Amino acid sequence: MVKKILVVCLGNICRSPTGEAVLRHKAKLRGFDLVIDSAGTIAAHAGEGPDSRSVIAGESRGYQFTGIYSRKISVDDFAEFDLILAADKQNLRDLTAICPVDQQHKLALFLSFANGDVAEIPDPYYSGAGGFNKVIDLIEQASDSLLDYLQHTKVQTKSAL
């Protein structure tokens, strides 16, 4: 059963903190008791808060970024988290390269849970406000689909008992 989810992008200042904020908010609204965190595959922004453009776009939709700070993924994260969601294919390759083989089943692209044709969350760092809003649109859809999946899995598990 999934209880802890980690969202990962490159620097942990745009996509993954947005994923953390959106998924945490949506899970709470549905009554899920999940631990949700985020990390980056690099440590260039360690200790920094999310990009202000991510915060502005997210807060305009009711998401909170309080207490979210950039950090680099650690080897311990692979054992600690039940599901590790990568923002894009390069992040997934980077995670796979450092993840113990027995934990690799936990890795997935975040948008693999979405119902759209887009496979990766684009990096909005060098784009304008529209790029940050597009990221939120994609994360909202994937978060809803992921939570639907978890809810269905939970119901199936309970009915099987």
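Which residues does Leu-34 touch, not counting residues up to four places away in sequence? Leu-34 touches Val-2, Lys-3, Ile-5, Ala-27, Leu-147 and Leu-150, where a contact means heavy atoms within 4.5 Å.

**Before you start**

The model is predicted, so local features need pLDDT of at least 70 and side-chain atom pairs count only at pLDDT 80 or more, while totals for chains, interfaces and linings use all residues. Residues are numbered from 1 along each chain as its sequence is written, and side-chain values use heavy atoms, with hydrogens and water left out. The pLDDT score is the predictor's confidence in each residue, from 0 to 100. Its mean for the protein is 94, and 96% of the residues reach 70 or more. Please take care with residues 156-161: pLDDT stays under 50 there, and the model has zero contacts beyond four places in sequence for this stretch.

**The sheet**

Helices (H or I, at least four residues) and strands (E, at least two) are DSSP runs, numbered from the N terminus. Two strands pair if DSSP finds at least two bridges between them. Here, four strands make an open sheet in the order β2-β1-β3-β4, with parallel pairing. Strands β2 and β4 (107-109) are at the edges, each pairing on one side only. From one strand to the next, the twist averages 25°.

| Strand pair | Bridges | Partners, including |
|---|---|---|
| β1 and β2 | six, parallel | Leu-6 and Asp-37 |
| β1 and β3 | four, parallel | Val-7 and Leu-85 |
| β3 and β4 | three, parallel | Ile-84 and Leu-107 |

Val-8, too, has a counterpart in β3: it stands opposite Ala-86.

**Helices and crossovers**

Axes are lines fitted to C-alpha atoms, for helices over the stretch in contact, and angles run from 0 to 180 degrees between N-to-C directions. Helix α1 (residues 15-29) lies across β1 (4-9) and β2, and runs at about 175° to β2. Helix α4 (residues 89-98) packs on the sheet as well, touching β1, β3 and β4, and its direction makes about 170° with that of β4.

A crossover is right-handed if, with the strands pointing away from the viewer, the path from the first strand over the helix to the second runs clockwise. The chain goes from β1 through α1 to β2 in a right-handed β-α-β crossover. Another right-handed β-α-β crossover takes the chain from β3 through α4 to β4.

**What is buried**

Buried means under 20% relative accessible area, exposed over 50%, and partly exposed in between (1.4 Å probe, protein chains only). Five of the six residues of β1 are buried, leaving this strand mostly covered. Strand β3 is covered on both faces, with Leu-83 and Leu-85 buried on one side and Ile-84 and Ala-86 buried on the other.

A nonpolar core is a set of buried Ala, Val, Leu, Ile, Met, Phe, Trp, Tyr and Cys residues joined through side-chain atoms within 4.5 Å. The largest one has 35 residues, of which Ile-5, Leu-34, Leu-85, Phe-110 and Leu-146 touch the most other members. Two or more residues come from each of β1, α1, α2, β3 and α5 (129-160). The most come from α5, which gives nine residues. Apart from this core lies another, of 12 residues, among them Leu-6, Val-8, Phe-81 and Leu-95.

**Two loops to look at**

Asn-12 sits in the loop between β1 and α1. Its phi is near 60°, a positive value in a residue other than glycine. Why does Asn-12 count as buried? Because its relative accessibility is 1%.

His-45 lies in the loop between β2 (35-40) and α2 (52-59). Leaving aside neighbours within four places in sequence, His-45 is in contact with Gly-11, Ile-13 and Ser-70. Thr-66 is 21 residues from His-45 along the chain, and the C-alpha atoms of the two are separated by 17 Å.
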